[in-house]
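This report describes the secondary structure elements of one protein chain and how they pack. The sequence and model are shown here.

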Amino acid sequence: MVAFGLVRTVLSQSVCYLSKYAVSSMPCEMKPRFVLLYGSQKGQAQSIAEGVAEVAEEHGLVAELSCLDQNEKYNLEKENAPVVFIVSTTGDGEPPDNALQFVKRIKKKTLSTDHYKHLCYALLALGDTNYANFCNCGKTIERHLQELGAKQFYATGYADDGVGLEVVVDPWLDGLWTAIKVALSKMASDRTSYLKGEEEDSPKETPDSSIPDVQLNLLSIADRQNSESVRASVETVSTSASAASATQTAVSDLRPASPAGILGLASQSRGAASGSTSALGTQTKDAGLPHVALMASLTRSLPPLCESSLNVPALPPPYLDVSLQEVDTVEQIVGPLSEEALLEVPISRAVQLTRGDSVKTALLLELDVSAYPTMTYQPGDSFDVICPNRATEVEDMLHRLGLHDQRNHRVHISLRKDTKKKGALVPPYIPQNISLMYLLTWCLEIRSVPKKAFLRALVEHAGDGVQRRRLQELCSKQGAADYNLYVRDLSLGVLELLTAFPSCSPPLSLLIEHLPKLQPRPYSAASSCLRHPGKLHFVFNVVEFPACSGRPAGKRGLCTGWLFDLINPVLVFPGGAESSGRTPLPKIHVSLRPNCSFRPPSDLSLPFIMVGPGTGVAPFIGFLQQRQKERQQNPEATFGETWLFFGCRHRDRDYLFREELEGFVSSGTLSHLQVCFSRDDREEEGALEATNSAGRRRYVQHNLLLNSQYITDILLKQNGYLYVCGDAKNMAKDVNDTLVEMIRTELQVDQLEAMKKLAGLREEKRYLQDIWG
Ligand code: FAD
């Protein structure tokens with residue numbers, strides 16, 4: 001699987017941890033210090049760490065904040081203060097780029113087992129159970145710290161972006177301050193004892209008994225198998241948290257401005273929805289009043305939330321000064337400016353792979369990379385597509401900010417001299433001398449879901465009291481469920497929020513401070529250079545976001561929607577004629593991202609299994625094209641068996657690459673093609689095994705199970721490989737669970753043993769995933 005930089009994860013959702021609640025009144029002539037280190041790929045761990053640093057003073061402490069790659073700023077070899085690590089995991093369990101060197105350093109075999117004997121640490125690990133190796137970077141750091149003698153002073157938090165980081169992060173942060181203070185006083189008394197010469201006599205502490213713990217709902221790898229129950233328990237957590245919040249004493253001054261103003265009928269339904277901040281509909285039953293169905297929405301809350309006192313995050317300190325300068329000559333930059341190795345390549349062919357009545361639209365694009373001999377890729381590699389923000393959305397944003405007339409002005413960004421933000425930087429991904437239009441088109445992910453810190457900052461720019469209150473609710477602890485329901489889960493962007501809250505007029509600087517860098521979108525190569533020299537194919541589904549509360553009309557995914565519009569004039573439909581060649585071919589910017597592990601086995605005699613439903617089949621088309629060529633070039637060689645498990649909804653609507661796959665079977669390149677049709681199969685009489693006869697839909701994992709004996713044989717006895725590609729949220733997890741089950745049955749072991757066996761295959765890189773979603 002590929003780096004989360006690509007994300008695979010991508011911790012898209014928002015949590016803000018800037019607040020926090022307790023205010024300690026430690027007298028502060030000299031505040032005790034602690035070291036705060038983060039490793040962050042997409043900014044989530046960094047934002048949590050910055051939040052901790054910002055509120056440290058309120059707790060009577062000084063946080064020395066550094067990124068793990070700023071090794072000139074900290075020295076763990078000599079550190080005698082508590083150290084707090086906040087680290088995310090990327091890709092297939094790899095450290096974020098800015099933690100790589102640190103992890104390498106602490107892994108060195110030459111370090112002695114007491115290298116960090118003096119160190120006391122706490123660790124918050126961020127991950128996503130939708131992906132393999134949950135929180136692996138945090139776990140790796142922890143393991144090595146402990147092997148080097150460091151002592152934990154606070155139980156590690158494993159936060160899962162798959163269910164909402166805040167479920168673990170919030171209580172972990174709540175308990176952190178006391179833990180640091182306990183650690184500080186313990187370290188001070190240890191030092192005193194040492195000075196008094198008592199060290200040798202003191203019994204060594206057993207770390208576990210002395211570590212403050214909090215009920216964190218710690219999610220571990222084992223929880224992956226129980227994703228449903230995890231989700232259920234999280235829902236319970238948020239509901240009960242909301243219920244509890246209703247009775248909580250106010251800790252902020254944010255009392256309801258005018259809930260009735262939001263609801264109109266708030267008082268009638270008091271108590272009706274108790275315990276739920278986000279009831280979708282409530283029947284009021286007060287005598288004399290008509291029964292009115294109240295609906296919560298993005299802009300409207302129900303009791304108890306609308307009547308509750310709120311704990312909102314601290315206001316993130318502004319840190320940028322932004323000015324717009326009129327310039328005589330405006331350089332019209334039409335493409336991305338980037339230091340990365342971008343290549344501009346023409347799209348030479350575009351084919352719609354699905355029929356018009358298919359639920360999803362899958363497209364195949366062929367890029368002509370012949371002008372770039374360096375662009376030699378291997379099956380299994382992916383590459384980034386650089387896409388701009390949608391022109392209409394940029395225009396809307398310019399109007400909404402009241403800056404349309406200044407769209408060609410040059411943007412000048414500098415750090416505010418008086419900023420209180422620790423480690424503030426002018427975003428390094430924004431080039432100098434660019435116009436406002438360019439900034440909004442190529443630099444900022446204007447579609448990204450605003451984090452709670454951003455919502456908190458927007459409150460300050462909302463003129464209307466009712467709207468302010470709702471924004472406060474959405475970023476508050478009590479409104480967490482509403483935030484998830486109406487913002488995060490619907491993937492609402494800032495433009496949609498500004499439309500829903502018309503009185504809110506943030507300055508441009510706020511957008512630059514809070515919107516992340518516009519990310520390229522990775523796609524897996526769906527071809528082999530051997531079969532298509534000078535060409536690169538890829539396949540994607542056009543992502544559709546339906547209309548919802550806060551989004552009056554549906555929209556397409558940013559990159560897939562942009563590509564769709566771009567290639568529309570040259571698009572070839574199934575069974576249709578090729579384009580006449582008269583329409584000029586659009587060009588796009590791409591850069592290669594090699595994946596060194598997701599490759600067919602180098603030993604051609606080893607068998608391998610590919611599991612790739614839907615567009616997940618993409619890399620396997622490349623694998624098979626390559627295998628076909630290799631077979632032609634080495635007629636004498638022995639080739640291992642190949643299996644492909646493909647799935648789609650309907651045989652005649654969205655069976656991607658059907659002809660090519662059947663051709664691979666005829667030529668013997670593909671030994672076994674197992675296809676299931678989730679919406680056809682259950683209707684086809686006799687097509688189902690007993691497990692599915694109850695009408696359950698049939699997916700790739702069901703076909704895996706039917707071939708359990710062969711698969712376990714290949715994996716456990718023949719040293720073979722298994723590759724999974726496609727949807728991370730459901731498919732990859734279901735396949736993983738099925739594999740555990742198959743190994744359990746085959747080896748007659750318990751589930752834990754089977755999981756360990758599968759983890760072993762993963763470590764040997766014989767069970768590989770390339771998943772997204
Ligand atoms: P955005 O505007 O970025 O919206 C994406 C959001 O939409 C996500 O947050 C998600 O919640 C939601 N969403 C709904 N449906 C989907 C979906 N089907 N895919 C992703 N997000 C969805 N995609 C392919 O179609 N083919 C590939 O070969 C492919 N290879 C990838 C390889 C790697 C290494 C990675 C990390 C991702 C790959 N993806 C692939 C996903 C791809 O990069 C984009 O995320 C996807 O095309 C959506 O981009 P977008 O800009 O249109 O959507």
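Strand β23 (residues 767-772) has five of its six residues buried, so it is largely enclosed by the rest of the structure. Buried means under 20% relative accessible area, exposed means over 50%, and partly exposed lies in between, with a 1.4 Å probe and protein chains only. Strands (E, at least two residues) and helices (H or I, at least four) are DSSP runs, numbered from the N terminus.

The model is predicted, so local features need pLDDT of at least 70 and side-chain atom pairs count only at pLDDT 80 or more, while totals for chains, interfaces and linings use all residues. Residues are numbered from 1 along each chain as its sequence is written, and side-chain values use heavy atoms, with hydrogens and water left out.

**Chain totals**

The protein chain has 21 helices and 23 strands. Of its 773 residues, 52% count as buried. Among contacts between residues at least 6 apart in sequence, 79% join residues at least 24 apart; contact means heavy atoms within 4.5 Å.

**The sheet with β23**

β23 belongs to an open sheet of five strands in the order β21-β20-β19-β22-β23, with parallel pairing. Two strands pair if DSSP finds at least two bridges between them. The edge strands are β21 (672-677) and β23, each of which pairs on one side only. Direction ignored, neighbouring strands of this sheet are turned by 10 degrees against each other on average.

The partner of β23 is strand β22 (residues 721-727), and the two are parallel over six bridges. Within this pairing, Gly726 stands opposite Ile771 in β23. β22 is also joined to strand β19 (residues 608-611), by four bridges and again in parallel. Here Met610 stands opposite Tyr723 in β22.

Helix α20 (residues 731-747) lies across β19, β22 and β23 and runs at about 150 degrees to β22. Such angles run from 0 to 180 degrees between N-to-C directions, and axes are lines fitted to C-alpha atoms, for helices over the stretch in contact.

**The sheet with β1**

Another open sheet has five strands in the order β2-β1-β3-β4-β5, and its pairing is parallel. At its edges stand β2 (62-67) and β5 (151-160), each with a single partner strand, so one side of each is left without a neighbour in the sheet. The twist averages 15 degrees from one strand to the next.

Helix α1 (residues 44-56) packs on this sheet and touches β1 (33-39), β2, β3 and β4; the direction of α1 makes about 165 degrees with that of β1. β1 is mostly covered, with six of its seven residues buried. β1 pairs with β2 in the parallel sense over six bridges, and the bridge partner of Leu37 in β2 is Ser66. Strand β3 (residues 83-88) and strand β4 (residues 120-127) likewise pair in the parallel sense over six bridges. Val84 has Ala122 in β4 as its bridge partner.

| Helix pair | Axes | Angle |
|---|---|---|
| α10 and α11 (residues 465-475) | 8 Å apart | about 160 degrees |
| α16 (residues 618-633) and α17 (residues 658-667) | within 11 Å | roughly 30 degrees |

Angles under 35 degrees count as roughly parallel, over 145 as roughly antiparallel, 65 to 115 as roughly perpendicular and the rest as oblique. α10 and α11 are therefore roughly antiparallel to each other, and their crossing is left-handed. A crossing is left-handed if the near helix is turned anticlockwise from the far one by less than a right angle, and right-handed if clockwise.

Lys452, Leu455, Arg456, Leu458 and Val459 of α10 make the contact with Arg468, Leu471, Gln472, Leu474 and Cys475 of α11. By class, this contact of α10 with α11 has six nonpolar, one polar and three charged residues. Ala, Val, Leu, Ile, Met, Phe, Trp, Tyr, Cys and Pro count as nonpolar, Asp, Glu, Lys and Arg as charged, and the others, Gly among them, as polar.

Eight of the eight residues of α10 (residues 452-459) are buried, so this helix is largely enclosed by the rest of the structure. Among these buried residues are Lys452, Phe454 and Arg456.

α16 and α17 are therefore roughly parallel to each other, and the crossing of α16 and α17 is left-handed. In α16, Ile621, Leu624, Gln625, Gln628 and Arg631 meet Glu660, Leu661, Phe664 and Ser667 in α17. The contact of α16 with α17 has four nonpolar, three polar and two charged residues by class.
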